[in-house]
Amino acid sequence: MNDKFNEECAVIGVIGDAEAANYCYLGLYAMQHRGQEGAGIVSTDGHGMYAHRNMGLVSDVFNTESIARLPGTSAVGHTRYATFGTKDWQNLQPLVANFADNSFAIAHNGNLVNAPELRADLEKSGAIFSATSDTEVVLHLIARATTEDTIVKKVAAALGNVRGAYSLVTMTYNRLIAIRDPSGVRPLMLGKVKDGYIVASETCAFDLIGADFIREIEPGEILEITSDGQMNSSCLLQKADPAFCIFEFVYFSRPDSIIQGKNVYTVRRALGTELAKEHPAEADLVIPVPDSGTPSAIGYAHESGLPLELGLIRNHYVGRTFIEPKQTIRDFGVRVKLNANSDVFRDKRVVVVDDSIVRGTTCRKLVKMFRAAGAKEIHFRISSPPTTGSCYYGVDTPSRDELIAANHSVEEVKEYIGADSLGYLSVDGMYRAVKGAQSNYCDACFSGNYRLGTPVSTEMKTGNLHLNQPGKPSR
Ligand code: AMP
């Protein structure tokens with residue numbers, strides 16, 4: 001069972017352009033991979049805020065009519081990956097709150113490590129919560145920063161109390177404020193649209209819209225953009241060492257995005273190159289596990305001199321299998337999503353490349369499929385180190401006891417998945433490919449080094465009711 005409240009998300013915000021809501025919609029569409037459970041956009045025309053949120057894919061949630069009901073020249077948007085199939089629509093974002101003299105919308109990517117404690121304190125002093133998301137905690141903290149005279153100072157005061165990962169896009173009637181936590185765990189990018197500015201989790205959102213990428217929002221930066229185009233950057237948050245999530249490079253971000261000036265595809269290809277150097281194999285072919293293993297498989301094939309073949313065909317109309325709640329459904333999901341192209345495998349020794357092994361379900365299923373398709377030998381290669389730790393900073397990984405590499409040696413994982421050999425990229429190899437120093441990254445899922453700390457309590461209590469399961473009494 002998943003015992004965490006965690007989310008993978010995309011955030012976006014536009015200010016100063018009559019197409020604000022439309023741009024948010026398109027940007028969310030481009031960033032759908034960051035969260036498929038629900039989506040929302042809130043817009044403002046300077047007098048009121050208008051919201052549309054629902055469960056489902058961006059294309060299901062919005063249509064021409066719903067976007068037309070989001071007027072104004074500013075908007076913020078969010079896609080969300082809720083935990084384990086629960087229909088927790090209460091947690092859909094952006095959240096909106098009305099303060100004394102303004103309204104405030106907020107969209108959050110990341111996870112706050114101390115949200116449950118902050119929430120318990122707020123509840124003791126009378127705060128009422130409508131959902132379980134940690135973002136609502138931030139909203140309350142901002143509302144209570146009454147001694148601060150500007151919204152930026154209120155935001156800074158509120159965030160002074162929180163620990164964890166946050167890339168936030170917030171909006172008032174006349175301002176957009178983009179904030180990145182002091183370690184810069186999650187990405188957040190600034191761009192220029194026709195008449196205004198845009199911020200988004202990934203640059204692939206800018207490409208679809210035709211926005212120009214300006215720069216990354218810096219770790220610890222609070223960037224305020226007014227509706228008349230004034231920009232004001234401040235560093236009011238406490239300084240911290242950088243800890244950008246290495247998994248964004250390994251799996252999470254889209255390969256055509258630019259992060260830290262690096263094209264994600266190029267980095268993944270280099271991960272494959274390093275993998276081939278560390279774990280060569282006597283084989284006939286290299287086969288990618290699409291789409292997550294494709295760039296690294298290309299790098300592996302190039303480095304090893306082995307031909308790359310499309311041995312697995314992906315059905316693009318099936319959602320990711322990862323968050324399905326039951327093992328039986330997950331197994332089914334792998335079969336539905338990926339099918340072996342038998343001709344490629346017959347009597348061949350194959351190297352199969354994927355980006356990571358989580359529970360081992362996918363590889364085990366694939367190995368069986370490849371043997372049935374006639375493969376002579378199967379050499380599994382993984383373009384990241386063994387996943388041994390859960391993420392508390394915004395990537396939805398299962399609890400540690402479900403991570404196969406946390407509890408088994410590489411040899412045991414190899415036996416479990418049924419491959420002839422198994423090789424993971426080393427931590428050093430990963431940083432060679434990223435061309436970065438380990439000290440600048442968070443790699444807790446591979447190293448167990450939780451640089452922003454771990455939660456004391458992982459569960460967000462909601463009085464008598466566990467909101468993720470409406471109607472059920474709390475445990
Ligand atoms: P598993 O079958 O549990 O070992 O999952 C492995 C597959 O999940 C690999 O193909 C990965 O690309 C993919 N994967 C790894 N991390 C995540 C994640 N956080 N969300 C969705 N899929 C993931």
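These legends describe close-up views of a predicted model.

**View 1. The shell around the ligand.** The ligand is surrounded by 18 residues. Asp354, Asp355, Val358, Gly360 and Thr362 are the closest of them. Sorted by class, the shell holds seven charged, six nonpolar and five polar residues.

View 2. Two elements, α8 (246–252) and α13 (361–372), each give at least two residues to the shell around the ligand.

View 3. Aspartate 354 places a polar side-chain atom 2.6 Å from a ligand oxygen atom. Threonine 362 also uses a polar side-chain atom, which lies 2.4 Å from an oxygen atom of the ligand. Valine 358 uses its backbone instead: an N or O atom there lies 2.8 Å from an oxygen atom of the ligand. How much of the ligand does the protein bury? On its own the ligand exposes 500 Å², and the protein buries 95% of that.

**View 4. Where the domains meet.** Nine residues of domain 1 contact seven residues of domain 2. Between them, domain 1 and domain 2 bury about 610 Å². Carbon and sulfur atoms account for 56% of that buried area.

Methods: Residues numbered from 1 in each chain as written. Predicted model: local features only at pLDDT ≥ 70, side-chain atom pairs only at ≥ 80, totals over all residues. Heavy atoms only, no water. Near = heavy atom within 4 Å. Polar contact = N/O pair within 3.5 Å; in protein donor to acceptor, adjacent residues only side chain to side chain. Areas by Shrake-Rupley, 256 points an atom, 1.4 Å probe, with all protein chains shown as cover. Helix = DSSP H or I, 4+ residues; strand = E, 2+ residues; numbered from the N terminus. Nonpolar A, V, L, I, M, F, W, Y, C, P; charged D, E, K, R; others polar. Contact = heavy atoms within 4.5 Å. Buried area = accessible area lost by both parts, 1.4 Å probe.
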